[in-house]
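Colleague: I'm new to this one. Can you put it up and walk me through it?

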Amino acid sequence: MLAEATAALTARPARTLLTALGTVLGVAALVATLGLAKTAGGQIVGRFDELEATRVEVSLDNGGFFGQQDNRPNPLPFDAEDRLTRLNGVAFAGTKTSIDLEGAFARSVPVVDPLGQTEFQVPMFSASPGLFDAVRGQLETGRWYDHGHNDRGDAVAILGPAAAERLNINRVDASPAIFVGEHTLAVVGIIRAVEREPDLLSAIIVPDGWARTTFGIVAPEEVHIDVEVGAAQLIGSQAAIALAPNDPDLLRVAVPPSPGQVRRDVEGDVNALFLVLGGISLLVGAIGIANVTLVSVLERTGEIGLRRALGATRRHIATQFMFESAVLGALAGLIGASLGVLVVVGVSANREWTPILDEWIPLAAPPAGAIVGLVAGLYPALKAASIEPISALRSG
Amino acid sequence: MAPVVHLDRIERTFPGTPPVHALRESNLTIEKNDYIAIVGPSGSGKSTLLHLLGLLDRPTGGTYWLDGVDTASLDDTARAGMRAERIGFVFQAFHLLGHRTAVENVMLAEIHRRGGSKQRRERAEAALRRVGLGHRIDAFPTTLSGGERQRVAVARALIGGPSLLLADEPTGNLDSKTSESILQLFDDLHAAGLTLAVITHDDDVSERAQRRIRIHDGVLTPLTELVDRGAR
Ligand SMILES: Nc1ncnc2c1ncn2[C@@H]1O[C@H](COP(=O)(O)OP(=O)(O)OP(=O)(O)O)[C@@H](O)[C@H]1O
Ligand SMILES: [Mg+2]
């Protein structure tokens with residue numbers, strides 16, 4: 001029966017290929033889609049998510065929405081930076097704690113000028129020196145404060161660019177003073193930009209050491225870690241124990257979703273869109289096969305009559321036409337899969353991407369095409385089986 | 001031994017307004033190695049009779065025994081099996097598949113037949129040699145003359161050793177010289193023991209048969225009984 005089906009198909013190769021064109025395109029679209037989605041997914045993770053994928057953040061677990069923060073001691077240590085940088089995979093780490101100034105104003109001139117506004121409410125954070133690297137900060141001018149400042153509890157400050165502008169400070173070579181409430185701080189640097197924690201940009205940042213003695217803060221609020229690529233999951237699992245060996249459960253560690261998950265998400269989005277397109281072209285292809293097979297059934301009435309006279313049952317006739325369109329579909333699947341793979345490789349080469357394609361896809365394409373062919377051939381096959389041999393023979 | 005064909009008051013009426021009585025209460029017996037010709041004007045019911053004999057159609061009345069089997073008792077699959085095993089058809093329009101070679105066309109007859117498919121090609125080639133086409137085995141029908149095409153069709157009808165060869169106007173599309181060679185082939189096959197029923201409206205064709213049966217308005221009448229065709 002298979003031989004009969006292929007014999008009929010190879011009799012008119014050009015027409016067979018035209019018939020299969022729709023399915024060829026459909027399968028090609030599907031394979032290209034799956035391949036490109038996977039390839040692009042890999043790219044997106046590799047390129048755009050580097051910043052997010054290297055970020056780990058530890059804070060006090062407030063017990064969820066209904067948590068009672070008050071009852072929980074904060075186990076975060078001020079030497080978080082030292083403890084974490086010992087871990088393999090941590091690039092930088094630093095603490096960040098917001099300080100409640102209780103409405104105190106900040107100004108850069110010692111005397112209040114009644115004519116112009118010179119006092120502002122500016123947020124303040126205390127930070128260990130490593131925070132600036134952990135948030136990937138860049139200096140506009142001056143320098144970061146260092147461990148010496150922090151350990152001694154020096155009254156120094158770094159200004160975010162917005163804070164510097166409001167306080168009208170743009171040069172720091174003379175370490176200009178700013179006044180916050182009754183406290184005086186020497187500005188040593190002004191930030192140009194940070195890649196994380198943008199609220200630093202409008203704030204005054206002071207060393208933990210000074211904040212502890214001045215405001216009596218007992219523990220940092222947050223620890224920010226910049227990890228090496230690929231280490232986020234590992235550090236996420238180690239950070240809590242490194243920071244609070246006795247009560248790691250009190251801490252909440254925020255790690256980026258694993259790269260695999262991100263990739264799957266991206267692939268899912270792209271896949272969904274293009275699978276619909278591929279599915280539609282496959283449907284159009286199936287209709288094409290059905291249509292042409294139907295025409296060929298009518299054209300081959302004489303052959304059907306002859307086969308019935310030679311002992312074929314209705315079932316034989318139906319099976320033969322089903323086989324024909326299934327073989328056609330499988331062929332289309334094969335060609336389509338090849339085209340699709342070529343498209344993936346071509347596009348990847350063009351974009352200098354690494355082509356990624358699951359090996360099951362080209363393998364599954366011919367059977368999938370055969371199924372499309374079977375479905376498409378069903379109606380024409382039933383039509384062929386219903387032809388009466390007498391009238392078929394009469395029609396020549 | 002049961003005759004090859006026995007028709008007992010067979011009828012075939014096509015429904016319609018008015019209904020067409022293509023065959024009325026007809027009796028016919030074809031013994032083994034008979035060679036009968038069925039003659040009659042156009043529309044008299046010749047093809048209808050042949051389709052009934054070939055199990056391509058069912059009678060609306062009467063009984064048809066083929067090789068002693070009451071064909072009314074057979075379902076479609078069994079009838080298809082009988083067609084494959086016991087009947088050979090030759091049509092006026094040849095009905096060869098244009099994209100298959102002569103030998104492939106002949107092999108087509110064995111697809112639905114029991115038995116080994118191993119020597120199919122050899123059997124098909126032998127059948128072609130038997131009809132005198134041993135030299136055109138791999139030719140395509142489009143390159144064959146009308147007479148040669150009909151020979152391929154005869155070879156296809158012969159290959160399985162049928163009980164009955166049915167031919168509907170086998171020479172209708174051929175000139176007289178080519179017709180003669182086909183009729184000679186039929187004579188030879190008959191001499192070799194084949195049972196033939198040939199439909200024709202050509203006297204030259206019917207005269208070659210052992211027996212002639214006339215059909216008019218669906219009624220069968222024997223014309224000549226067992227003509228002695230001379231000593232052989
Ligand atoms: N399917 C059908 N439905 C209705 N009438 C039919 C059908 N088939 C045949 N007939 C009628 O039955 C009668 C016999 O037809 P049949 O084909 O047997 O004639 P025939 O003797 O073979 O004629 P010809 O020599 O022209 O081939 C005709 O009147 C024809 O119109
Ligand atoms: Mg006729």
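Modeller: We'll take the chain contact, then the ligand, then some backbone details.

Colleague: What should I know before we start?

Modeller: This is a predicted model, so local features need pLDDT of at least 70 and side-chain atom pairs count only at pLDDT 80 or more, while totals for chains, interfaces and linings use all residues. Residues are numbered from 1 along each chain as its sequence is written, chains are lettered from A and ligands numbered from 1 in the order written, and side-chain values use heavy atoms, with hydrogens and water left out.

Colleague: Okay. How many residues does the contact take from each chain?

Modeller: Chain A gives 21 residues and chain B gives 19 residues. Contact here means heavy atoms within 4.5 Å.

Colleague: And how much area do chain A and chain B bury between them?

Modeller: About 1900 Å², with 66% of it on carbon and sulfur atoms. That is the accessible area (1.4 Å probe) that two parts lose on being put together, summed over both. In chain A, the residues that lose the most area to chain B are A:Leu306, A:Leu310 and A:Ile390, together 31% of what that side buries.

Colleague: How many salt bridges across the interface?

Modeller: The rule finds 0 between chain A and chain B. It asks for a side-chain nitrogen of Lys or Arg within 4 Å of a carboxyl oxygen of Asp or Glu. There are 4 residue pairs in polar contact across that interface, both residues at pLDDT 80 or more. A polar contact is a pair of N or O atoms within 3.5 Å; within protein, one must be able to donate a hydrogen and the other to accept it, and residues adjacent in sequence count only if both atoms are side-chain atoms.

Colleague: Which element gives the largest share of chain A's side?

Modeller: H11(A), with 6 residues. Helices (H or I, at least four residues) and strands (E, at least two) are DSSP runs, numbered from the N terminus.

Colleague: New topic. What surrounds ligand 1?

Modeller: Residues from chains A and B, so the site is shared between chains. Among them are A:Arg394, B:Phe14, B:Pro41 and B:Lys46. Being near means having a heavy atom within 4 Å of the ligand.

Colleague: Which polar atoms lie by its oxygens?

Modeller: A polar side-chain atom of B:Thr48 lies 2.6 Å from an oxygen atom of ligand 1. For B:Lys46, a polar side-chain atom is 2.7 Å from a ligand oxygen. B:Ser44 has a backbone N or O atom 3.2 Å from one.

Colleague: Now the backbone. Where is the cis peptide bond?

Modeller: From B:Thr17 to B:Pro18, with omega near -5°. B:Pro18 sits in the loop between strand S1 (5–14) and strand S2 (20–30) of chain B.
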